[in-house]
Amino acid sequence: MTDLFTPLDLGHTTLKNRFLMGSMHTGLEEAKDGFHKMAEFYAQRARGGVGLIVTGGIAPNLQGRLSPFGTQLSFPWQVKKHKKVTKAVHENGSKICLQILHAGRYGYHPLIVSASNTKAPISPFKARKITKLEIKKTIFDFANTARLAQKAGYDGVEIMGSEGYFLNQFLAPKTNLRKDEYGGSFENRSRIVQEVIQAIRKKVGEKFIIIYRLSMIDLIKDGQSLEEVITLAKSLKDLGVDIINTGIGWHEARIPTIATMVPRAAFVFISQQIKKEVSIPVITTNRINNGDDAKKIVSEGIADMVSMARPFLADPDLVAKIEQNRDSEINTCIACNQACLDHIFKNKICSCLVNPKACHETEFKNSKTSSKNILVLGAGPAGLAFSIEAASLGHRVTIVEKNTEIGGQFNLAKVIPGKEEFHETIRYFETMIKKYEIDLKLNTPITIEDLKPLGQFGQGYDEYVFSTGVVPRVPQIKGIENKKVLTYPEAIRNPDQVGKRVAIIGAGGIGFDTAEILLHSQSTDSVQEFFDHWGIDSLYKERGAIKSKVKPSPKREIFLLQRKTSKHGAGLGKTTGWIHRQSLKDHEVQMLGGVKYKEINDQGLVIDHENQEKLLEVDNIILCSGQYSDNKLYSDSKSVLKKRTHLIGGAKLAQEIDAKRAIDEGVRLAHSL
Ligand code: NAP
Ligand code: SF4
């Protein structure tokens, strides 16, 4: 039986297993000394056992760049820096393909071209219709990039034909309004794809991998039909393609395809359908982040390979851990996008919320240091990240936690519908605590009196790390002591005690999360519920596989309030904020901004809104109004311990505390001791 570790024979070469590290732009492509850093980034994943890696998208020409200074491979002098990457990957036993990505109308610069004169909703620039002469030149440029990739030592190329980029823009009637031989019928719309593949194959010869990333469902109006996708898929082998990779949804589609609320492996059905139509290997993708799903996909013949991208940011040793049945040690990607995609959109180097070393490998020496005795106070994300990293470096760590479980604020996040992946991070922390023999003392509140004896000469620990977290902010509103008022931990832990009409004070991430848990009757939506909510048609009756959204039935009537007049959730991540806002709108949450809180009484919450005093007749008022740092113990202990004390996470700075900063601070502190 085929399993994840059955080699895949492509005729001219063999892949050692069925794992693909999918294409991700890291920001290192354009950074100073970026190729050196990228070489180490990919080398670690190769050491971790992945069979095949695909680089981030590289443009074949200037017009096709993603941004004005975006990366491009068109000239022989550029080959040398790529060799650093291919050498590092090959030395560590893996193979690597370069992705050729022409952005088309998704480019963020004035030179962009597309099948027609159209403007994408996600770029401020309008694309110019590419001329026939330029099409010929572009086809040459694709082939030229492939040849240079071959010279640089890549094992092949992936042609980006999905996610709404240039080639996909020719394939879909939505963006291809041409009347010449590159527009109109599907044969014409797909002509450029055929010519690109043929030109590449001609240039690189037979012994070079060509992957075609096929948009299997566009998830936009006037996208491709299923029949067209199948027709193209069937033609790919004869054109010279070795492997078909799956593409899901255009970037402009207002449908989540990879964020954490997308059920795991939700889209593999379409790869399975295409696989039945073709004789070359098919790779499936999107929201696959664990060994069990990957095993099932390959062993049941749903697809021949599994592509994971972000999971390799979270854990470079993912494949080795699956192979050695050490799945519980996997630092699982929670699909939050906070440090990967959201960074890229802010022109920052990509990283990972649960693994801040990702794309920063050269900044960390993983060698063991001198062994110190360290006491960590608080087992939230910051304290745990510190403890595990410090213990892995050879320190002896004791954690004291006043609660009966580890995880801190993650224990609230994990019960929010669509955020169940946080369970995995807590599971990872638990496994690593045992693996590194960290002494964990739960149910152990510490006071300054406990610390005093440790401050005496010859007593105590070498270092003290205070990761004591946060406490919810209780705003000063008349009547705040009313029994209708609940803090967000109280509401999230016991949603059943919350009434049918609710006002939420504060519309940050936690206000949104609290609304979500109160709107749903169960914690996990099924794939079908998810598809119905977002209008995805798995039966593919219409072009683009979209259908009318099914209106959800909200469990409660909710007012989400803030004093600011800006958009609700403006501080949420670029790639996920719109999903949270849309979800609450679909559930008829009333979002009121520019609110002044006047009074809470037995009738509800009195506010000033749009120059009127209004009574919101609600059963409960939930405080999601931020947090304070819980750092008194740290302040008091400094004079007592007279030793090295450190403050990290929410205890250091509650404002804009998030798990990304907390974990980053923990890991970096461990390396600094
Ligand atoms: P936050 O984002 O700072 O939001 C706090 C909210 O409380 C704001 O909407 C603020 O709005 C309001 N507020 C502040 N002081 C107030 C006062 N004295 N009286 C009344 N309202 C007040 O904090 P959070 O929601 O607690 O989230 C904490 C951290 O976790 C943030 O970094 C957040 O990004 C992160 N997080 C993110 C997500 C996500 O990305 N999905 C989910 C959960 C948590 P006004 O000042 O306008 O009233
Ligand atoms: Fe996954 Fe979040 Fe890390 Fe991105 S930042 S790789 S989504 S865990």
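## What "partly exposed" means

A residue counts as buried when its relative accessible area is under 20%, as exposed when it is over 50%, and as partly exposed in between. Keep those cut-offs handy while you look around this structure, which is a predicted model.

You'll find E588 in the loop between α20 (577-586) and β21 (590-592).

Look for N347 in the loop between α12 (341-345) and β13 (373-377). With a relative accessible area of 76%, N347 is exposed, because exposed means over 50%.

## A buried loop residue: N61

Is N61 buried or exposed? N61 has 8% relative accessibility, so it counts as buried. N61 sits in a loop, the one between β4 (52-58) and α2 (79-91).

What does N61 touch once you skip its neighbours within four places in sequence? The contacts are Q72, S74, H102, T138 and D141. The N61 side chain also reaches the backbone nitrogen of G64, at 2.9 Å. As for S625, it is 564 residues away from N61 in sequence, and the two are 49 Å apart in space, going from C-alpha to C-alpha.

Now hop over to strand β11 (residues 282-284), where T284 has its place. T284 has 0% relative accessibility, so it counts as buried. Leaving out residues up to four places away in sequence, T284 touches T246, V268, S271, I297, A303, M305, V306 and S307. With S271 there is a polar contact between the two side chains, at 2.6 Å.

S271 belongs to helix α8 (residues 268-275), where V268, F269, I270, S271 and I274 are buried. An α-helix has 3.6 residues a turn, so residues three or four places apart point the same way. What covers the buried residues of α8? The cover includes β9 (209-217), α7 (226-239), β10 (243-248), β11, α9 (291-299) and α19 (527-534).

## Around ligand 2

Finally, check out ligand 2: the space it takes is the largest cavity. The residues around ligand 2 are R310, L313, C333, I334, A335, C336, N337, A339, C340, C352 and L353.

How many residues of each class does this shell have? There are 9 nonpolar residues, 1 polar and 1 charged around ligand 2.

Note on methods
Residues numbered from 1 in each chain as written. Chains lettered and ligands numbered in written order. Predicted model: local features only at pLDDT ≥ 70, side-chain atom pairs only at ≥ 80, totals over all residues. Heavy atoms only, no water. Near = heavy atom within 4 Å. 1 Å grid on protein atoms, 1.4 Å probe; cavity = no way out; pocket = protein on both sides within 12 Å on 5 of 7 lines; lining within 4 Å. Sits in = over half its atoms within 2 Å of the grid points. Nonpolar A, V, L, I, M, F, W, Y, C, P; charged D, E, K, R; others polar. Helix = DSSP H or I, 4+ residues; strand = E, 2+ residues; numbered from the N terminus. Buried < 20%, exposed > 50% of the residue type's maximum accessible area, 1.4 Å probe, protein only. Contact = heavy atoms within 4.5 Å. Polar contact = N/O pair within 3.5 Å; in protein donor to acceptor, adjacent residues only side chain to side chain.
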